[in-house]
Amino acid sequence: MAVLHLTKDNFDQTLAGNSTVLVDFWAPWCGPCKMLGPIFEDAAGSHADKAVFAKVNVDEQQDLAARFGVTSIPTLIVFKDGKETKRSLGFMPKEKIVELL
């Protein structure tokens with residue numbers, strides 16, 4: 001499954017409709033976010049059976065970033081059954097992304 005791009009309009013529905021969702025809060029001008037992007041996409045392709053992989057552009061979705069207290073990017077948050085269970089800040093290799101799940 002491809003990586004979903006979430007907005008305030010589909011964020012809550014995505015969490016409610018899936019048991020595990022991994023969300024990457026990012027911005028297009030962020031160097032570490034650019035490095036993480038292809039690795040996140042690769043993890044989504046090989047681990048779609050474990051979670052829904054999604055991205056939130058914090059420049060376009062400032063309300064969502066504020067709602068979850070995202071002050072540094074990239075920030076990865078794992079949601080299980082709609083509740084935040086894990087959070088990780090900064091760039092990480094694919095193995096660490098998968099370990100979050």
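Mentor: Thr 75 lies in strand E4; strands (E, at least two residues) and helices (H or I, at least four) are DSSP runs numbered from the N terminus. This is a predicted model, in which local features need pLDDT of at least 70 and side-chain atom pairs count only at pLDDT 80 or more, while totals for chains, interfaces and linings use all residues. Residues are numbered from 1 along each chain as its sequence is written, and side-chain values use heavy atoms, with hydrogens and water left out.

Trainee: Why is Thr 75 called buried?

Mentor: Buried means under 20% relative accessible area, exposed over 50%, and partly exposed in between (1.4 Å probe, protein chains only). Thr 75 has a relative accessible area of 1%, so the residue counts as buried.

Trainee: Which residues is Thr 75 in contact with, leaving aside its neighbours within four places in sequence?

Mentor: Contact means heavy atoms within 4.5 Å. On that basis Thr 75 is in contact with Val 23, Asp 24, Phe 25, Val 70, Arg 87, Ser 88 and Leu 89.

Trainee: What makes the rings of Phe 11 and Phe 68 a pair, and why is the pair called tilted?

Mentor: Rings of Phe, Tyr and Trp (its six-membered ring) pair if their centres lie within 6.5 Å; planes under 30 degrees apart count as stacked, over 60 as edge-to-face and the rest as tilted. The centres of Phe 11 and Phe 68 are 5.2 Å apart and the planes stand at 40°, so this is a tilted pair. Phe 11 belongs to helix H1 and Phe 68 to the loop between H3 and E4, 57 residues apart.

Trainee: How do you know that Phe 68 counts as buried?

Mentor: Phe 68 has 14% relative accessibility, and therefore counts as buried. For Phe 11 the relative accessible area is 0%, so that residue is buried as well.

Trainee: Why is the pair of Phe 25 and Phe 68 also described as tilted?

Mentor: Here the ring centres are 6.2 Å apart and the planes are at 50°, so the pair is tilted. Phe 25 is in strand E2, 43 residues from Phe 68. Phe 11, Phe 25, Phe 68 and Phe 79 form one aromatic cluster.

Trainee: Where does H2 bend, and by how much?

Mentor: H2 bends by about 30° at Gly 37, and Pro 38 follows within four residues. The bend at a residue is the angle between axes fitted to the seven residues ending there and the seven starting there.
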